[in-house]
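The following note sets out points for discussion on the fold and on the packing of selected elements. Please read them alongside the coordinates.

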Amino acid sequence: MNLNVTLTLLCLILVGIAIEGVHCKVVQFIFGDSLSDVGNNKYLSRSLATANLPFYGIDFGNGLPNGRFTNGRTVADIIGDSTGLPRPPAFLDPSLTEDMILENGVNYASGGGGILNETGGYFIQRLSLWKQIELFQGTKELITNKLGKQATDKFFNDANFVVALGSNDFINNYLMPVYSDSWKYNDQTFVQYLMETLQKQLLMLHSLGARKLMVFGLGPMGCIPLQRVLSTSGQCQERTNKLALSFNKAASQLLSNMQSRIPNANFKFGDAYDVVDDVIQNPNKYGFNNSNSPCCSLGRIRPALTCLPASTLCSDRSKYVFWDEYHPSDSANQLIANELIKKFGFLGGSSNSPAPAPAPESASAPSPDEE
């Protein structure tokens with residue numbers, strides 16, 4: 001056992017006793033979808049929502065697929081790095097132990113998951129937010145058995161909680177006629193349904209010890225490459241973007257109301273919609289040269305949905321806003337993270353994790369649709 005783990009356990013076991021020079025370690029627990037997944041879905045053997053193929057992870061670590069749905073880091077990775085927090089491992093990682101949880105926290109995020117249980121059903125296997133909360137409840141029981149109630153309560157009360165879902169509830173549920181939600185609700189009542197569900201979920205997390213909780217808003221999801229290519233004009237789908245704005249407005253109000261009513265709760269809402277929309281509309285202003293097509297694609301064959309071994313990569317991954325049809329690139333995630341850091345009022349400056357190096361010339365040929 002290393003020194004950091006020893007100090008963490010000592011602090012937890014002796015909670016309530018002032019010991020000079022020993023500080024409880026703050027970790028994070030992340031609940032989310034593919035934008036935050038760090039490998040849970042690769043352990044779901046029947047899931048159709050996975051990032052197990054090249055070239056996912058090409059700019060992260062050893063360059064091999066690691067379960068992240070991008071070429072590099074997630075927004076949660078970058079925010080955690082910038083605030084000095086460890087990167088939580090995937091809950092389904094078979095090597096996960098109680099000591100690893102105490103040292104690093106846990107990431108429950110799952111590609112295809114949503115606030116609603118019915119969302120993403122055609123992916124066969126994915127973890128909805130309700131399921132992620134159920135797994136977290138099991139995690140708390142595990143730590144309680146190890147440390148006792150008092151130390152466990154302090155550990156979780158001090159931890160940071162991130163909830164970042166919602167886009168799948170629209171893109172892979174409400175906006176698809178194969179789902180009953182698409183005809184049971186209209187735009188307004190569906191957002192209301194999401195908020196009623198989310199409120200119950202956040203209250204459940206609070207009852208399980210979540211005191212410092214951040215909810216991420218949605219970006220202009222009508223402008224992701226998949227939505228563009230499925231439109232008749234190739235432009236952003238305005239209705240989808242308006243749904244994202246409606247979600248953000250309702251979620252912001254929900255968090256504000258909960259913050260004022262729930263004792264001992266620090267609930268914050270932050271979104272980067274405006275800055276991401278500006279990046280998409282004016283990419284050159286932010287150092288990008290493409291904001292409408294994926295870096296990893298099958299050229300003119302659109303949509304390919306995921307990055308595949310047969311895909312062609314753009315010549316400079318740092319210049320593309322989108323990595324695949326759905327997900328931002330590492331460079332775009334850095335920009336989104338910086339905006340959320342401002343919104344949440346974090347201190348600590350920019351991320352201390354390395355950004356991806358420029359793609360070597362031999363890695364790929366330019367995509368035919370590269371601007």
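Against which elements do the buried residues of H12 pack? The points below answer this and then turn to the remaining elements.

1. Basis of the note. This is a predicted model, in which local features need pLDDT of at least 70, side-chain atom pairs count only at pLDDT 80 or more, and totals for chains, interfaces and linings use all residues. Residues are numbered from 1 along each chain as its sequence is written, and side-chain values use heavy atoms, with hydrogens and water left out.

2. Helix H12. The buried residues of H12 pack against helix H2 (75–82), E4, E5, helix H11 (273–281) and strand E9 (320–322). Helices (H or I, at least four residues) and strands (E, at least two) are DSSP runs, numbered from the N terminus; contact means heavy atoms within 4.5 Å. H12 covers residues 330–344, and 11 of its 15 residues are buried, where buried means under 20% relative accessible area, exposed over 50% and partly exposed in between (1.4 Å probe, protein chains only). Among the buried residues are Asp-330, Asn-333, Glu-339 and Phe-344.

3. Geometry of H12. From its first C-alpha to its last, H12 reaches 21 Å, close to the 21 Å expected at 1.5 Å a residue; the expected span is 1.5 Å times one less than the number of residues. Gly-345 follows H12 and has a positive phi, near 70 degrees.

4. The five-stranded sheet. An open sheet with parallel pairing is formed by five strands in the order E2-E1-E3-E4-E5; two strands pair if DSSP finds at least two bridges between them. Strands E2 (105–107) and E5 (266–270) are the edges, each pairing on one side only. Neighbouring strands are turned by 15 degrees against each other on average, direction ignored. Axes are lines fitted to C-alpha atoms, for helices over the stretch in contact, and angles run from 0 to 180 degrees between N-to-C directions.

5. The E4 and E5 side of the sheet. Strand E4 (residues 212–216) pairs with E5 in the parallel sense over five bridges, and Leu-213 has Phe-267 in E5 as its bridge partner. Helix H10 (residues 238–261) lies across E4 and E5, running at about 165 degrees to E5.

6. Strand E6. Four of the five residues of E6 (residues 290–294) are buried, so this strand is largely enclosed by the rest of the structure. E6 pairs with E9 in the parallel sense over two bridges, and Asn-290 stands opposite Tyr-320 in E9.

7. Packing on H8. Helix H6 (residues 167–174) packs on helix H8 (residues 187–207) at an angle of about 130 degrees, with the axes 11 Å apart. H6 is therefore oblique to H8; angles under 35 degrees count as roughly parallel, over 145 as roughly antiparallel, 65 to 115 as roughly perpendicular and the rest as oblique. The contact involves residues including Phe-170 and Tyr-174 of H6 and Phe-190 and Leu-194 of H8. Helix H4 (residues 129–147) packs on H8 at about 5 degrees, with the axes 11 Å apart, and is therefore roughly parallel to H8. Among the residues in this contact are Trp-130 and Phe-136 of H4 and Leu-198 and Met-204 of H8.

8. Overall composition. The protein chain has 12 helices and nine strands, and 54% of its 371 residues count as buried. Of the contacts between residues at least 6 apart in sequence, 72% join residues at least 24 apart.
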